[in-house]
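Thank you all for coming; I would like to take a few minutes to walk through one model with you. Please have the sequence and the structure open while I talk.

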Amino acid sequence: MRANTVIGPYYDTARVAGISGDALFALRNLAGIPATVTAVTGSPQTTEIATAFPLQLVAAVRDSFGNAVEGEQVTFTAPSAGASGTFYTGGGTSSSPTCTAYSNAQGIATSPVFVANALAGTYTVSASAGTAPPASFLLTNSAGAAGSVATSAGTPQSATVGATFATRLKALVKDSGGNVKPDVLVHFTAPATGPSGTFPGGLTDTARTNASGIATASAFKADTVAGTYNVLATVDGISQSAPFALTNLAGPVDTFAVEIAGGGVIGTQTAHVPFGIRITAKDAYNNLAS
């Protein structure tokens, strides 16, 4: 007798002519070896770095006839480097990038809780059983809350008073795990007095970070006061700021002032008696000019 392709228990009956009663043979068709492993629950899904994914990974194991394979060991494997995570086993007391689970009567194997590591990115976790092609779970570790802001371009640099700085100010925002943080609003603020400058909207400007975590300010123009100062990049919720060191250079010489070396107006001097003079050069904005 040959089993058909449907698993489960049944009875086979034997009868003999002239003898009352039947002989019953209790039989069971078992599932074949695993032929397919498929992801049932947990793909795709996303969580922040260093947090648990909301759904456990669930895989279904079937034989070549589509029957559920019970008691099959399923191995879940996450990447060993880069964006990845670990399975928490033993009541959450230990963790590993790999774990095993056994399929139940429905052919379903469920992983322990899976926790993202500190690196942002998208990756796959595989579920394998026997020689069947493994199933893949698509997971993404998203960056956490903004944790730091730093200068990326535009510091230090200088421009002549009244001119626009050549390089736009760029700030880099990362989370606590060092992952770049997109779509974060960055505030750029110039000093209100002394040497400074303006963005198109005034002393302040805002920009959101791109996919690389970079926020680029609008063009910045030096005011008419020569000197060195800082423009600060800040992010709400972060106490630290990123300073851009900028210098307004005096413009070309526009006027000269000729005085006695010690200061004051040159008055009548005695012939053939030497005396010192001081010449002061200034630009059009009254800054000392070289």
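Predicted model: local features only at pLDDT ≥ 70, side-chain atom pairs only at ≥ 80, totals over all residues.

Residues are numbered from 1 along each chain as its sequence is written, and side-chain values use heavy atoms, with hydrogens and water left out.

Two strands are said to pair if DSSP finds at least two bridges between them. With that in hand, look at the open sheet of three strands in the order E14-E16-E20, where the pairing is antiparallel. E14 and E20, the latter covering 214–216, stand at the edges with a single partner strand each, so one side of each is left without a neighbour in the sheet. Neighbouring strands here are turned by 25 degrees against each other on average, direction ignored; the axes behind that value are lines fitted to C-alpha atoms, for helices over the stretch in contact, and angles run from 0 to 180 degrees between N-to-C directions. E16 and E20 are joined by three bridges, and if you look for the partner of lysine 170, you will find threonine 216 in E20.

Staying with E14, I would point you to serine 148, which lies in that strand and counts as partly exposed at 26% relative accessibility; on this scale buried means under 20% relative accessible area, exposed means over 50%, and partly exposed is in between, using a 1.4 Å probe and protein chains only. Contact means heavy atoms within 4.5 Å, and, leaving aside neighbours within four places in sequence, serine 148 is in contact with Leu172, Val173, Lys174, Ile238 and Gln240.

Elsewhere, strand E12 (residues 121–128) pairs in the antiparallel sense with strand E6 (residues 73–77) over three bridges, and with strand E13 (residues 135–142), also antiparallel, over seven bridges. E12 and E13 form a hairpin with six residues between them, and glycine 130 in the turn has a positive phi of about 60 degrees.

Now for the buried charge: which side chain of opposite charge is nearest to aspartate 205? It is arginine 168, 6.5 Å away, and aspartate 205 has no salt bridge, a term that requires a side-chain nitrogen of Lys or Arg within 4 Å of a carboxyl oxygen of Asp or Glu. Aspartate 205 sits in strand E19 (residues 204–208), and a polar atom of its side chain lies 2.7 Å from the backbone nitrogen of serine 218. Not counting residues up to four places away in sequence, aspartate 205 touches several residues, among them Val186, Phe188 and Phe199.

How many salt bridges does a search of the whole structure find? There are two. One joins the side chains of aspartate 183 and arginine 208 at 3.7 Å, N to O, and links the loop between E16 and E17 to strand E19 across 25 residues. Aspartate 183 is exposed at 54%, whereas arginine 208 is partly exposed at 49%. The other joins arginine 278 and glutamate 259 at 2.9 Å, N to O, with arginine 278 in strand E25 and glutamate 259 in strand E24 (residues 255–260).

To finish with the backbone, aspartate 183 also has a positive phi of about 55 degrees although it is not a glycine, and asparagine 286, in the segment after strand E25, has a positive phi of about 75 degrees. There are cis peptide bonds to look at as well, from serine 43 to proline 44 and from threonine 155 to proline 156, with omega near -10 degrees in the former and near -10 degrees in the latter. Proline 44 lies in the loop between strands E3 and E4, and proline 156 in the loop between strands E14 and E15.

How values were computed:
Helix = DSSP H or I, 4+ residues; strand = E, 2+ residues; numbered from the N terminus. Lys, Arg positive; Asp, Glu negative; His and termini not counted. Polar contact = N/O pair within 3.5 Å; in protein donor to acceptor, adjacent residues only side chain to side chain.
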